[in-house]
Amino acid sequence: MRKVWIPIVLLIPPLALVVSSGATPQFARQYDLDCSSCHVHVPKLNTFGEEFLANGYTLPGREAKATPPLSV
């Protein structure tokens, strides 16, 4: 019975330290757009965002900049 409690006790402190997580505005950086260009409120997409998704995350006629997928 004691072996069952050890993993539980070891997992609780790291989970307590997690405050929140969020997405990075990767596509907004690549195309120099605001997040509100595609989103009404995150994660809800507006019409432009739905078209962007349907196009495979590309904007016809615009080239995406190379950006590292990082959040600072």
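The following exercises, each with a worked solution, concern a predicted model.

Local features rest on pLDDT of at least 70 and side-chain atom pairs on pLDDT 80 or more, while totals for chains, interfaces and linings use all residues. Residues are numbered from 1 along each chain as its sequence is written, and side-chain values use heavy atoms, without hydrogens and water.

**Exercise 1. Determine the order of the elements along the protein.**

Step 1. Helices (H or I, at least four residues) and strands (E, at least two) are taken as DSSP runs, numbered from the N terminus.
Step 2. The protein has three helices and two strands.
Step 3. Read from the N terminus, their order is α-α-β-β-α.

**Exercise 2. State which residues make the nonpolar surface patch, and classify isoleucine 12 as buried or exposed.**

Step 1. A patch takes residues with over 30% relative accessible area and no salt bridge, and joins nonpolar side chains (Val, Leu, Ile, Met, Phe, Trp, Tyr) within 5 Å and like charges within 9 Å. A salt bridge is a side-chain nitrogen of Lys or Arg within 4 Å of a carboxyl oxygen of Asp or Glu.
Step 2. Val4, Trp5, Ile8, Val9 and Ile12 make the patch, which covers about 490 Å².
Step 3. Isoleucine 12 belongs to helix H1, residues 2-17.
Step 4. Buried means under 20% relative accessible area, exposed over 50%, and partly exposed in between (1.4 Å probe, protein chains only). Isoleucine 12 counts as exposed because its relative accessibility is 52%.

**Exercise 3. Describe the lining of the largest pocket by element and by residue class.**

Step 1. On a 1 Å grid over the protein atoms alone, a pocket is an open set of points where a 1.4 Å probe fits, with protein on both sides within 12 Å along at least five of seven lines; lining residues have an atom within 4 Å of a point.
Step 2. The largest pocket holds about 400 Å³ of space. It is lined by 18 residues, of which Thr24, Pro25, Phe27, Cys38 and His39 are the closest to its centre.
Step 3. Helix H2 (26-31) and helix H3 (47-54) each give at least two lining residues; H2 has the largest share, with four.
Step 4. By class, the lining has 13 nonpolar residues, four polar and one charged.

**Exercise 4. Locate aspartate 32 and tyrosine 57, and state the phi of each.**

Step 1. Most residues other than glycine have a negative phi.
Step 2. Aspartate 32, in the loop between H2 and strand S1 (39-41), has a positive phi of about 55 degrees. Its relative accessibility is 56%, so aspartate 32 counts as exposed.
Step 3. Tyrosine 57, in the segment after H3, has a positive phi of about 60 degrees. Tyrosine 57 counts as partly exposed because its relative accessibility is 40%.

Definitions and conventions. Areas by Shrake-Rupley, 256 points an atom, 1.4 Å probe, with all protein chains shown as cover. Points joined across faces, edges and corners; volume = space filled by probe spheres on them. Nonpolar A, V, L, I, M, F, W, Y, C, P; charged D, E, K, R; others polar.
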